[in-house]
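Subject: Model handover, with notes on pockets and helix packing

Hi,

Here is the structure I promised to pass on to you. My notes on what turned up in it follow below.

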Amino acid sequence: MSTTPEVPVRSSQKSHQTRALISIALAWAFDAMDFSILTFVLTDIMKDYGVPLTLAAGLSSATTFARLGGGFLGGLLGDYWGRKASLVASILWFTVFECLTGFSIGFTLLFLVRILYGIGMGAMYASGTPMLMEMMPAKWRGLASGLMQSGFSFGYIFAALIYRAWYGNLGWHAMFYIACIPALIVALYIWARVPESVRWKQERAAAPRKSVPIRDLFKDGNTWNTIHAALISLIAFGVTYPINTFYATLLKTNGHFSVAVVADTIIILNIAGIVGNILGGYLSDFIGRKLMLVLSAIGTLACSFVFQSISTNWERDVFTFLIGLFSIGGVWAAIPTYIAEHFKTGVRSTGQGTTYHFGAAVGGAIVPLIVSSIAPSVGGLAHAMTYSVAITSVLVIVLALLWRESKGAPLA
């Protein structure tokens, strides 16, 4: 009879884990969907507002820079106020500015709205990822990391589907009105059905805080963890963001492909990303986080010439799938849990949100600007993308080898 009370507890715990995994992955997917829609309509923005590619690409850079502020503030709130409340507030925030993106009547206003949107995007990841990692058992944390991170690829696919279905009839403004609806539904679901992180509640009960834990990022042995997490995020964003930002534009301008072909190619890229994230996350629970990062970076390096081989259908589709598998998928599969396992509970949200979005702000914002700036001098956008992805892949390998393995370690 002593074992019977444990059954409903375990069942309830698994139910909470499943709800958290699905809802947080969807929140990240719908967050990424809005971010990805922008890549499909860069040429429309250039035309409507009379701005060059570098300035239009600056919208993406402004959003990613703002994510650093959102990741920092959302992380502070997540550690001080609670993961759940901060997560829901951040989703509601970015939903509002996602909708307002469609109402932007000038480039300056659009630029401002995208900055405000980026704050919510950064805060969402800073609260949601630590919450999920704290709720999952150690042996499946890598798989949960890959499943959640695959939400970004799902978001890109959702964006491609919206682009294909409604862009021709409704125009680019309406795409943002449509995209904000599902994120609002997810926020309400999390508030009603997903519990707060038990680990955070226990930590808060044991050591009530009177201040936010900023200085904890650089004491008690956390300094190297903080620096390394920021660097690995920076380089990983440097691998993937030139692809996310410019691949659709490359297909439209260099390949002169139809809307359907562009959308289908981006869908292939992100289906591969989903497979790579899930498979990579699963494998990282067996071979380790470091080896998973190294193997994925090697695969990305080997496929980095894909951007110069888009004219032939089979080459474009096959190598699009492979680079998506390794770069959009594998490189990122283990990073959420890899970073989470290197921070203590009291500072995990701040540490993860700040370092991850430092990578987004620097690697995700500056590297695409560098790519667009050097393109004319290196033979065009395709060559610039190849060089960028190849160099950053090598740097991922170097940085991964410098950090300790954390597979299976209990969260501190």
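A pocket here is an open set of points on a 1 Å grid over the protein atoms alone, with protein on both sides within 12 Å along at least five of seven lines, and lining residues have an atom within 4 Å of a point. For volumes, grid points are joined across faces, edges and corners, and the figure is the space filled by probe spheres set on the points. Of the 18 residues lining this pocket, Gln13, Gln17, Glu134, Met135 and Val198 are the closest to its centre. Two or more lining residues come from each of helix H1 (6-40), helix H5 (107-135) and H8, and H1 has the largest share, with five residues. Helices (H or I, at least four residues) are DSSP runs, numbered from the N terminus. By class, the pocket lining has eight nonpolar, six polar and four charged residues; Ala, Val, Leu, Ile, Met, Phe, Trp, Tyr, Cys and Pro count as nonpolar, Asp, Glu, Lys and Arg as charged, and the others, Gly among them, as polar.

Before you go further: this is a predicted model, where local features need pLDDT of at least 70 and side-chain atom pairs count only at pLDDT 80 or more, while totals for chains, interfaces and linings use all residues. Residues are numbered from 1 along each chain as its sequence is written, and side-chain values use heavy atoms, with hydrogens and water left out.

H8 (residues 198-206) also packs against helix H14 (residues 345-374), at an angle of about 120 degrees and with the axes 8 Å apart. Axes are lines fitted to C-alpha atoms, for helices over the stretch in contact, and angles run from 0 to 180 degrees between N-to-C directions. H8 and H14 are therefore oblique to each other (under 35 degrees counts as roughly parallel, over 145 as roughly antiparallel, 65 to 115 as roughly perpendicular, and the rest as oblique). In this contact (heavy atoms within 4.5 Å), Arg199, Trp200 and Glu203 of H8 meet Thr345, Gly346 and Arg348 of H14.

The largest cavity holds about 100 Å³. Helix H6 (141-170), helix H9 (222-253) and helix H12 (313-333) each supply at least two of its lining residues, and H9 gives the most, with four. Among the lining residues are Gln149, Phe237, Asn244, Trp332 and Tyr356. The cavity lining divides into six nonpolar, four polar and no charged residues.

H9 and H12 also pack against each other: their axes come within 10 Å and cross at roughly 150 degrees, so the two are roughly antiparallel. Their crossing is left-handed (the near helix is turned anticlockwise from the far one by less than a right angle). Phe237, Thr240 and Asn244 are among the H9 residues in this contact, and Ile328 and Trp332 among those of H12.

H9 has a further partner in helix H15 (residues 381-401), with axes within 9 Å and a crossing of roughly 160 degrees. That makes H9 roughly antiparallel to H15, and this crossing is left-handed. The contact residues divide into 18 nonpolar, five polar and no charged.

Happy browsing!

Definitions and conventions
1 Å grid on protein atoms, 1.4 Å probe; cavity = no way out; pocket = protein on both sides within 12 Å on 5 of 7 lines; lining within 4 Å.
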